[in-house]
Amino acid sequence: MAVFNKLDNVEDLYEIGEVLGSGHFGQVREVRERATGAHWAGKFLKIRKCASSRLGMERKSVEREVEVLQALQHPNIMALKDVFESRAEVVLVLELISGGELFDFIAEKENLTESEAIEFMKQILLGVGFMHSKQIGHFDLKPENIMLSAKMAPNTDIKIIDFGLAHRFQPGEEYKCMSGTPQYIPPEVINYEPLSTAVDMWSIGVITYILLSGMSPFQGDTDEETLRNIIALNYKFDDHHFSMTSAMAKDFIQKLLVKDQNERITAQECLQHPWIKPL
Ligand SMILES: Cc1ccc2c(c1)c1c3c(c(C)cc1n2CCCN)C(=O)NC3=O
């Protein structure tokens, strides 16, 4: 069992600020380091007191998330600074990312120009390619988990966050998991088949489609309809949203939204695709 820095009261070291977000795991709050005045993001995770409890996170899954983050130091992946444990809570001290979610950026602009989308995709692919080179899959890539380092700066950096569903593959390991967000999950997750890092490449295809059109390729009126659309590969480049989109961009998306995960292009292959890296 991993041992985190024991701290009776995290407020001895950090001033706790506003809530930045919350989820099944607990809360993310802005924190200010008393010793330096530096601002960070504190992810406050409630730990289950006993195996039968439904409240809070299993300690094992928190340990997994910490191990994954400790293996990932990259400019396009949120950085883990420290981990503290006090009573029934674990606090991850994370790089504060203040530019907001890519999701909100798209919503404000409806959709992006191809050159803006290419710039974002390049950085997402660099972060995901690094993750995959360490045999780590994110398994929950979506615009809400892709943040911008600064608001609207001309060269804002992408930061991939939230590794709560991430998994580090051991050689020869078979891994299955039914979690993720319906709009972004590939057929193999729905069919409960063995997974690989190719799960993330499908999600990147969905994210690219959304960046260019503001529409979600498989979304139906219900989750069940969305899942049926995914299994049937039921999506199209409708004229209303894609009439101005280049053939290269559509080819890039088509090479990712491939049912057979072994046929999907990898992050490294994406970075060499003519849409991303013109000849
Ligand atoms: C300014 C701001 C606002 C909301 C934030 C964050 C920062 C944030 C951050 C992180 C996470 C995991 C979630 C976060 N959230 C929650 C929403 C993420 N989808 C993080 O790791 N660093 C952040 O700054």
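Q: Why is Asp162 called partly exposed?
A: In this predicted model, Asp162 has a relative accessibility of 22%. Buried means under 20% and exposed means over 50%. The value for Asp162 lies in between, so Asp162 counts as partly exposed.

Q: Where is Asp162, and what is its phi?
A: Asp162 sits in the loop between strand 9 (158–160) and strand 10 (167–168). Its phi is positive, about 60°, although Asp162 is not a glycine.

Q: What makes Gln135 buried, partly exposed or exposed?
A: The relative accessibility of Gln135 is 43%. Gln135 is in the loop between helix 3 (114–133) and strand 7 (136–137). Gln135 is not a glycine, yet it has a positive phi of about 60°.

Q: How do you know which class Ser196 falls in?
A: Ser196 has a relative accessibility of 24%. Buried would need a value under 20%, so Ser196 is partly exposed instead. Ser196 lies in the loop between helix 4 and helix 5.

Q: What does Ser196 contact, beyond its neighbours within four places in sequence?
A: With those neighbours left aside, Ser196 is in contact with Phe139, Phe169 and Gln261. Contact here requires heavy atoms within 4.5 Å. As for Asp238, 42 residues apart from Ser196 along the chain, the two C-alpha atoms are separated by 30 Å.

Q: Why is Glu188 called buried?
A: Its relative accessibility is 1%, and the cut-off for buried is under 20%, so Glu188 is buried. Glu188 is part of helix 4 (residues 187–190). Apart from neighbours within four places in sequence, the contacts of Glu188 include Leu195, Val199, Lys259 and Arg264.

Q: What makes Trp275 count as buried?
A: The relative accessible area of Trp275 is 4%, which is under 20%, so Trp275 is buried. Trp275 lies in the segment after helix 9 (267–271). Leaving out neighbours within four places in sequence, Trp275 touches several residues, among them Glu114, Met121, Leu212, Met248 and Phe252. The C-alpha atoms of Trp275 and Phe252 are 6.8 Å apart, although 23 residues separate the two along the chain.

Q: Why is Ala71 called buried?
A: Ala71 has a relative accessible area of 15%, under the 20% cut-off, so Ala71 is buried. Ala71 belongs to helix 1 (residues 59–71). Arg59 is twelve residues apart from Ala71 along the chain, and their C-alpha atoms are separated by 19 Å. Beyond its neighbours within four places in sequence, Ala71 is in contact with Phe130, Lys134, Ile136 and Arg168.

Q: How do you know whether Pro217 is buried or exposed?
A: Pro217 has a relative accessibility of 10%; this is under 20%, so Pro217 is buried. Pro217 is in the loop between helix 5 (198–213) and helix 6 (223–231). With neighbours within four places in sequence set aside, Pro217 is in contact with Val206, Tyr209, Ile210, Asn234 and Tyr235. Tyr184 is 33 residues apart from Pro217 along the chain, with 9.3 Å between their C-alpha atoms.

Q: Why are Cys177 and Cys270 classed as they are?
A: Cys177 has 19% relative accessibility, which is under 20%, so Cys177 is buried. Cys270 has 0%, so Cys270 is buried too.

Q: How many disulfides are there?
A: A disulfide requires two cysteine sulfur atoms within 2.5 Å. By this rule the count is zero.

Q: What makes the chain as compact as a globular protein of its length?
A: The chain has nine helices and ten strands. Its radius of gyration is 19 Å, and the globule rule gives 19 Å for 279 residues; the two values are close, so the chain is as compact as a globular protein of that length. The C-alpha trace spans about 60 × 40 × 35 Å along its principal axes.

Q: What share of the chain is buried, and what share of its contacts join residues at least 24 apart?
A: Of the 279 residues, 49% count as buried. Among contacts between residues at least 6 apart in sequence, 61% join residues at least 24 apart.

Key. Residues numbered from 1 in each chain as written. Predicted model: local features only at pLDDT ≥ 70, side-chain atom pairs only at ≥ 80, totals over all residues. Heavy atoms only, no water. Helix = DSSP H or I, 4+ residues; strand = E, 2+ residues; numbered from the N terminus. Rg over C-alpha atoms; globule rule 2.2 N^0.38 Å. Buried < 20%, exposed > 50% of the residue type's maximum accessible area, 1.4 Å probe, protein only.
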